[in-house]
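Take a look at the model below before reading on.

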Amino acid sequence: MTDKTQGSSAPDVWGYGKRKIMAVMTPCVRACTTAGYGDKVCKGCGRTDKEVLTWNRLPLVQKIEVVERLDREDLLHDTNRPRYPWLG
């Protein structure tokens, strides 16, 4: 099996420890400002309007990259942190 995460800081999503990560939960905190207010970046979760609109269609590796960017930029809400075990 090839490593589909090459060039990314994303973990081995095809097998995280003994558990497989099949999906990445949305970082949405139900305070979206992109749809109703037209913001380019959501004040609730920190994702761009494009990331919000395409989340369900994004490949798994891209979702992980978005979550890691939110974490690096300190935009990931603490209530969301348990959803992403690879962040530590």
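The report below goes from the whole chain to its parts.

## The chain as a whole

This is a predicted model. The protein chain has 88 residues, and buried residues make up 38% of them. It has two helices and zero strands.

The accessible surface of the protein chain comes to about 6000 Å². Carbon and sulfur atoms hold 53% of that surface. Now take the contacts between residues at least 6 apart in sequence. Of these contacts, 46% join residues at least 24 apart.

## Confidence

How high is the mean pLDDT of the protein chain? The mean is 79, and 75% of the residues reach 70 or more.

The start of the chain needs care. Over residues 1-6, pLDDT stays under 50. For this stretch the model has seven contacts beyond four places in sequence.

## Helix 2

Helix 2 has 13 residues. From its first C-alpha to its last, helix 2 reaches 18 Å. That is close to the 18 Å expected at 1.5 Å a residue.

Which residues of helix 2 are buried? They are Leu 60, Val 61, Lys 63, Ile 64, Val 66, Val 67, Glu 68, Arg 69 and Leu 70. Helix 1 is included in what covers these buried residues. Just after helix 2 comes Asp 74, which takes a positive phi of about 55°.

## Asp 71

Asp 71 also lies in helix 2. Its relative accessible area is 23%, so Asp 71 is partly exposed. The cut-off for buried is under 20%.

What does Asp 71 touch, leaving out residues up to four places away in sequence? It touches Leu 76, Arg 81 and Leu 87. Asp 71 and Gly 46 are 25 residues apart in sequence. In space, their C-alpha atoms are 9.9 Å apart.

## Salt bridges

How many salt bridges does the count come to? The count comes to four. One of the pairs is Arg 69 with Glu 51, at 2.5 Å from N to O. This pair links distant parts of the chain. Arg 69 sits in helix 2 (residues 60-72), and Glu 51 sits in helix 1 (residues 49-54). The two are 18 residues apart. Are they buried or exposed? Both Arg 69 and Glu 51 are buried.

Arg 69 has another partner. Its side chain meets that of Glu 73 in a salt bridge, 3.4 Å from N to O. Arg 69 has a relative accessible area of 17%, so it counts as buried. Glu 73 has 44%, so it counts as partly exposed. Together, Glu 51, Arg 69 and Glu 73 are linked in a network of salt bridges.

A further salt bridge joins Asp 49 and Lys 40. Their closest N and O atoms are 3.6 Å apart. Asp 49 is partly exposed, because its relative accessibility is 23%. Lys 40 is exposed, because its relative accessibility is 61%.

## Two cysteines, zero disulfides

The count of disulfides comes to zero. A disulfide needs the two sulfur atoms within 2.5 Å. Seen from Cys 45, the closest cysteine sulfur is in Cys 42, again at 4.0 Å and too far.

Are these cysteines buried or exposed? Cys 42 counts as buried, because its relative accessibility is 5%. Cys 45 counts as buried too, because its relative accessibility is 4%.

## Ala 31

Where is Ala 31? Its place is in the segment before helix 1. At 39% relative accessibility, Ala 31 counts as partly exposed.

Ala 31 brings us back to the cysteines. Leaving out residues up to four places away in sequence, Ala 31 touches Cys 42 and Gly 44. Ala 31 and Cys 45 are 14 residues apart in sequence. Their C-alpha atoms are 7.6 Å apart in space.

Notes. Residues numbered from 1 in each chain as written. Predicted model: local features only at pLDDT ≥ 70, side-chain atom pairs only at ≥ 80, totals over all residues. Heavy atoms only, no water. Buried < 20%, exposed > 50% of the residue type's maximum accessible area, 1.4 Å probe, protein only. Helix = DSSP H or I, 4+ residues; strand = E, 2+ residues; numbered from the N terminus. Expected span 1.5 Å × (residues − 1). Contact = heavy atoms within 4.5 Å. Areas by Shrake-Rupley, 256 points an atom, 1.4 Å probe, with all protein chains shown as cover. pLDDT = per-residue confidence, 0-100.
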